Amino acid sequence: MTTMPTTDPDTVSPSALHTPVIGWFDQHARDLPWRRPEAGAWGVMVSEFMLQQTPVSRVLPVYEQWLARWPRPADLAADAPGEAVRAWGRLGYPRRALRLHGAAVAITERHGGEVPPDHARLLALPGVGEYTAAAVASFAFGQRHAVLDTNVRRVFARAVTGVQYPPNATTAAERRLARVLLPDDEARAARWAAASMELGALVCTARNEDCGQCPIAARCAWRLAGKPAHDGPPRRGQTYAGTDRQVRGKLLAVLREAVEPVPQTMLDAVWHEPVQRARALDGLVADGLVEPLAGGVYRLPLT
């Protein structure tokens with residue numbers, strides 16, 4: 001049975017959390033390039049696409065190279081989608097590269113090359129879901145939105161709900177709690193969104209929570225309850241070795257390095273098991289990440 005939040009959001013005192021968490025953030029926030037004013041809304045959007053299920057340390061070098069090559073949405077839109085896949089490198093989940101390219105095309109065609117500032121128009125962009133729209137609106141434009149990533153959900157689960165981990169999928173109760181916890185002031189709400197996310201990334205982590213460094217440890221419901229162990233459904237693992245994801249990554253690595261279309265024989269050499277290899281290649285083609293050509297050769301997509 002899934003462990004659901006038991007705290008009534010209406011009984012929560014948001015201000016008791018805002019001041020210490022934002023104060024901690026003011027002192028301990030990492031100096032990340034997408035947090036600097038010169039990053040602009042496009043830099044924030046690129047970072048949000050790249051940071052999905054990928055740690056900051058892996059994103060940083062790719063992000064810097066990406067913005068140097070495509071400093072505006074129109075620059076990326078003018079290039080082939082396959083070039084976005086190539087530049088994505090080994091960040092993983094390469095469909096994100098195609099989605100970011102699609103968003104850049106839409107921004108260029110619909111919004112004059114400028115990332116739209118309002119949540120509704122952000123949400124209407126291809127590849128942009130509820131989280132990304134809220135994050136860009138909040139972090140790039142200082143607006144008041146609940147930004148619920150894995151780190152924020154974990155902080156709220158522990159500090160307010162009193163459980164070790166949030167449910168595997170975001171629930172309506174979590175969204176309601178996030179709205180209750182939002183400061184009324186827009187600028188403070190945007191700061192709170194960034195601060196609670198950073199707290200989950202650096203202190204209230206999944207495996208090694210550091211309560212001694214937590215600014216709200218004294219009022220954390222999970223800590224005060226004695227840190228009861230997780231009793232919900234098993235948490236999702238991150239198995240990679242031997243999976244179709246690994247095979248897809250190996251196939252894409254060959255195509256990224258190639259200047260000319262690649263023959264089937266080169267792709268066959270990357271994985272020993274032919275059925276899994278064929279399934280992975282078919283999946284890449286279906287996802288638009290690989291384009292098959294006449295003569296049994298393959299390339300990254302041009303259109």
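**Close-up views of aromatic side chains**

**View 1. The charged end of Arg245 is placed over the ring of Tyr93.** In this predicted model, the distance from the charged end of Arg245 to the centre of the Tyr93 ring is 4.4 Å.

**View 2. Trp34 and Tyr63 form one of the four aromatic pairs that the structure holds.** A pair of aromatic rings is described by the distance of the centres and the angle of the planes. For Trp34 and Tyr63 the centres are 5.0 Å apart and the planes stand at 75°, so this pair is edge-to-face, given that an angle over 60 degrees counts as such. The pair links distant parts of the chain, 29 residues apart, since Trp34 belongs to the loop between helix H1 (15–28) and helix H2 (40–51), whereas Tyr63 belongs to helix H3 (residues 56–69). Trp34 has a relative accessible area of 10% and is therefore buried, and Tyr63, with a relative accessible area of 3%, is buried as well, the cut-off being under 20%.

View 3. Because Trp66 is found in helix H3 and Trp88 in helix H5 (residues 81–88), the pair ties together parts of the chain that are 22 residues apart in sequence. Both Trp66 and Trp88 are buried.

**View 4. Trp66, Trp70 and Trp88 are joined in a cluster.**

Definitions and conventions. Residues are numbered from 1 along each chain as its sequence is written. This is a predicted model: local features need pLDDT of at least 70, side-chain atom pairs count only at pLDDT 80 or more; totals for chains, interfaces and linings use all residues. Side-chain values use heavy atoms; hydrogens and water are left out. Rings of Phe, Tyr and Trp (its six-membered ring) pair if their centres lie within 6.5 Å; planes under 30 degrees apart count as stacked, over 60 as edge-to-face and the rest as tilted. Helices (H or I, at least four residues) and strands (E, at least two) are DSSP runs, numbered from the N terminus. Buried means under 20% relative accessible area, exposed over 50%, partly exposed in between (1.4 Å probe, protein chains only). A charge sits over a ring if NZ of Lys or CZ of Arg is within 6 Å of the ring centre and within 35 degrees of the ring normal.
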